[in-house]
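This briefing is intended for a reader with a computational background.

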Amino acid sequence: MDSLIAAAARALAAGDALSALKRVALRDDPPALALRGTALAQLGDYPRARELLRRAARGFGAREHVAHARCVVAEAEVALAMRDLLGSPRTLAAATATLEARADRANALHARLILVRRLLLLGRLDEAASALSTLDTQGLPPSLRAIAELAAAEVALRSLRTAAAQAALTRALDAAGRAGVPALLAEVGEARAALDRPAARRVHADREQPLRLDEVEALFASGALVVDACRRGLRAGTIWRPLARRPVLFALARALAEAWPGDVSRDALIARAFHTRRPDETHRARLRVGIGRLRALAAPLTHIEATARGFALTPRDADAVVVLVPPIDGDQASLLALLADGTAWSTSALALALGASQRTVQGGRGKGALDRARPHAALDGAAAGRIHDDLVTPHCAAARLN
């Protein structure tokens, strides 16, 4: 490795992409192409970065297994920053196996962290937690430790374990400080700030109260009957009844919970569940069926009693009934949450992350959310590059705490 390549790699490790480019901008040998691609990824030019990394991988060829695998890992992270989630993870898994076989433990762990962050973007929390639990970050560069702790913090936050999240973020801050990469420090700071932002709203009698994550966690631990519009289900203590795939039952449960301790008229329930203001006998029959199904499903948590004009909730063991809604309510809340950090998404990637069809995302409601989502100042996490054994791979920090 010549002195210019070494100097460029050191600059990238410190997050100084412009200094790195000054040293290798006019070179087309594979190591220089890899470093140029990494530098452009740090500067946010992801399409050009991906092209250069692919050229570097082809230039290294089949004989230079480790260098080729590192380019594959770097390209995978650029793809993650571009929200290109459609590619098969098999190529990255093969590169990981190559790096592990060649005892390149740091870059192998880096590849595994990319897979974890991809799972988090797709909402596969259990899979991400399982993959993260198998990683051993002892003795690795502090930048990798910081990224692993950020991923652990996100898993804990989404699982409503705020104490564990706070501990992971403290460890991430320490590791990022030792790494000395400004963008990585900024990302940890942004993640810590998320703990103090409203994560949900408590709704009752037309009044709203914003709640932080720790307050939501305390609410769940209080034993109150919670109609959770964030995850679409009913919760009381350790009992959970999902209703995400039963929207009519959830609409009925939410209407009854918002009126507690009062009741809701039959016509109001029909309007809420079936979106009609002119009910007929078929709607009343559907309401009776829906209430019967909700009564059976929620039996461990609450009674649903008929009243003179409609129905009312009576919790079994809880002292209160609470409706919990996300900060942005409505059908477009998940879409707007994904777009909140200002990162560009393709409609295909959004469809994959939302578990919806691409036609739905491209349709009227999805387009309306896209039109209203204005990119705002967001950290470009790609600026946290790092060097491992002569080749830098970019940290695009795609996993966000949304």
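Strands β6 and β8 are paired in the antiparallel sense, over two bridges. The model is predicted. Within this pairing, V264 has F311 of β8 as its bridge partner.

**The three-stranded sheet**

- β6 and β8 belong to an open sheet of three strands in the order β6-β8-β7, with antiparallel pairing.
- The edges of this sheet are β6 (264-265) and β7 (302-306), each of which pairs on one side only.
- β8 spans residues 310-315 and pairs with β7 in the antiparallel sense over five bridges.
- A hairpin is formed by β7 and β8, with three residues between the two strands.
- Along this pairing, T302 stands opposite P315 in β8, and E305 has A312 in β8 as its bridge partner.
- β8 is mostly covered, as five of its six residues are buried.
- In a regular strand, the side chains alternate between the two faces of the sheet.

**Helix α13, packed on the sheet**

- Which strands does helix α13 touch where it packs on the sheet? Helix α13 (residues 247-259) touches β6, β7 and β8, and its direction makes about 75 degrees with that of β8.
- The 13 residues of α13 reach 19 Å from the first C-alpha to the last, close to the 18 Å expected at 1.5 Å a residue.
- The buried residues of α13 are L249, F250, A251, L252, A253, R254, A255, L256 and A257.
- An α-helix has 3.6 residues a turn, so residues three or four places apart point the same way.

**Helix α9**

- Helix α9 (residues 142-158) has 17 residues and reaches 24 Å between its first and last C-alpha atoms, close to the 24 Å expected at 1.5 Å a residue.
- Because 13 of its 17 residues are buried, α9 is largely enclosed by the rest of the structure.
- After α9 comes L160, which has a positive phi, near 60 degrees.

**Nonpolar cores**

- In soluble globular proteins, nonpolar side chains tend to be buried together.
- The largest nonpolar core has 43 residues, of which L113 and L324 touch the most other members.
- At least two residues of this core come from each of α7 (105-121), α8 (125-133), α9, α10 (162-179), α11 (182-194), α12 (213-221) and β9 (321-325).
- Which element gives the most to this core? With ten residues, α9 does.
- Leaving aside neighbours within four places in sequence, L113 is in contact with L132, L135, L144, I147 and A148.
- Another core, of 34 residues, lies apart from the largest one, and V227, L243, A251 and L294 are among its members.
- A251, a member of this other core, is also one of the buried residues of α13.

**Overall make-up**

- The protein has 19 helices and eleven strands.
- Of the 402 residues in the protein, 49% are buried.
- What share of the contacts between residues at least 6 apart in sequence joins residues at least 24 apart? The share is 58% in this protein.

Key: Residues are numbered from 1 along each chain as its sequence is written. This is a predicted model: local features need pLDDT of at least 70, side-chain atom pairs count only at pLDDT 80 or more; totals for chains, interfaces and linings use all residues. Side-chain values use heavy atoms; hydrogens and water are left out. Two strands pair if DSSP finds at least two bridges between them. Helices (H or I, at least four residues) and strands (E, at least two) are DSSP runs, numbered from the N terminus. Contact means heavy atoms within 4.5 Å. Axes are lines fitted to C-alpha atoms, for helices over the stretch in contact, and angles run from 0 to 180 degrees between N-to-C directions. Buried means under 20% relative accessible area, exposed over 50%, partly exposed in between (1.4 Å probe, protein chains only). The expected span of a helix is 1.5 Å times one less than its number of residues. A nonpolar core is a set of buried Ala, Val, Leu, Ile, Met, Phe, Trp, Tyr and Cys residues joined through side-chain atoms within 4.5 Å.
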